[in-house]
Amino acid sequence: MDFLEENKDMRFSAASVFAYLQGKQEQINLATVYRNLERLTEEGVLLRNKSAQEDCSLYQYVEPHKNCHEHLHLQCKSCGRIMHLECDFMKQIAAHLLEEHGFELDCKTSALSGICDSCRARKMRI
């Protein structure tokens with residue numbers, strides 16, 4: 001849970017959890033990490049995502065006060081940070097997609113990618 005809290009704004013792999021635990025001198029194998037990630041996903045503590053470009057599943061911690069199943073996310077392509085997109089405008093887009101295109105958006109696995117404000121500012125200073 002320490003790893004999840006420390007990485008709540010990032011998507012992460014089982015390998016990154018495993019490396020973190022090894023760094024903490026925890027005696028655990030990778031299969032156990034996968035089993036626990038699967039259990040946490042089934043319990044709704046984590047969201048699991050896999051895009052066509054990724055070779056492995058990535059996980060995202062669902063903070064207790066966030067309802068990540070009901071809103072989209074923004075993910076920075078530069079730093080990987082995840083931001084919650086909880087504005088009403090996205091509900092209008094989801095309704096439009098359903099009504100006009102017959103496409104039901106799955107918010108729990110959907111993320112819009114781009115560059116966050118911090119990375120854009122850092123890029124402008126260079």
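Trainee: How do helix α2 and helix α3 sit relative to each other?
Mentor: This is a predicted model. In it, the axes of α2 (residues 14-23) and α3 (residues 30-42) come within 9 Å and cross at roughly 120 degrees.

Trainee: Why quote both an angle and a distance?
Mentor: Because the angle between the axes and the distance between them are what describe two packed helices.

Trainee: Switching to strands. Which way do β3 and β4 pair, parallel or antiparallel?
Mentor: Antiparallel, over four bridges, with β4 covering residues 82-85. As one example, Q75 has I82 in β4 as its bridge partner.

Trainee: What sits between the strands in that hairpin?
Mentor: Five residues lie between β3 and β4, and G80 in this hairpin takes a positive phi near 85 degrees.

Trainee: And β3 with β5, parallel or antiparallel?
Mentor: Parallel, again with four bridges. Strand β5 is residues 111-114, and A111 there is the bridge partner of H73.

Trainee: Is β3 mostly covered or mostly open?
Mentor: Mostly covered: β3 spans residues 72-76, and four of its five residues are buried. C76 is buried too, at a relative accessible area of 4%.

Trainee: Since you mention a cysteine, how many disulfides are there?
Mentor: The count is zero. For C76, the nearest cysteine sulfur belongs to C116 and is 3.7 Å away. That pair is not a disulfide, because the sulfurs would have to be within 2.5 Å.

Trainee: What about C87, buried or partly exposed?
Mentor: C87 has 35% relative accessibility, so it counts as partly exposed.

Trainee: Next, helix α4. How far does it reach?
Mentor: α4 takes in residues 88-101, 14 residues, and its first and last C-alpha are 20 Å apart. That is close to the 20 Å expected at 1.5 Å a residue.

Trainee: How many residues of α4 are buried?
Mentor: One of the 14, so α4 lies largely in the open.

Trainee: What follows α4?
Mentor: G102, with a positive phi near 65 degrees.

Conventions: Residues numbered from 1 in each chain as written. Predicted model: local features only at pLDDT ≥ 70, side-chain atom pairs only at ≥ 80, totals over all residues. Heavy atoms only, no water. Buried < 20%, exposed > 50% of the residue type's maximum accessible area, 1.4 Å probe, protein only. Helix = DSSP H or I, 4+ residues; strand = E, 2+ residues; numbered from the N terminus. Expected span 1.5 Å × (residues − 1). Pairing = 2+ DSSP bridges. Axes fitted to C-alpha atoms, helices over the stretch in contact; angles between N-to-C directions.
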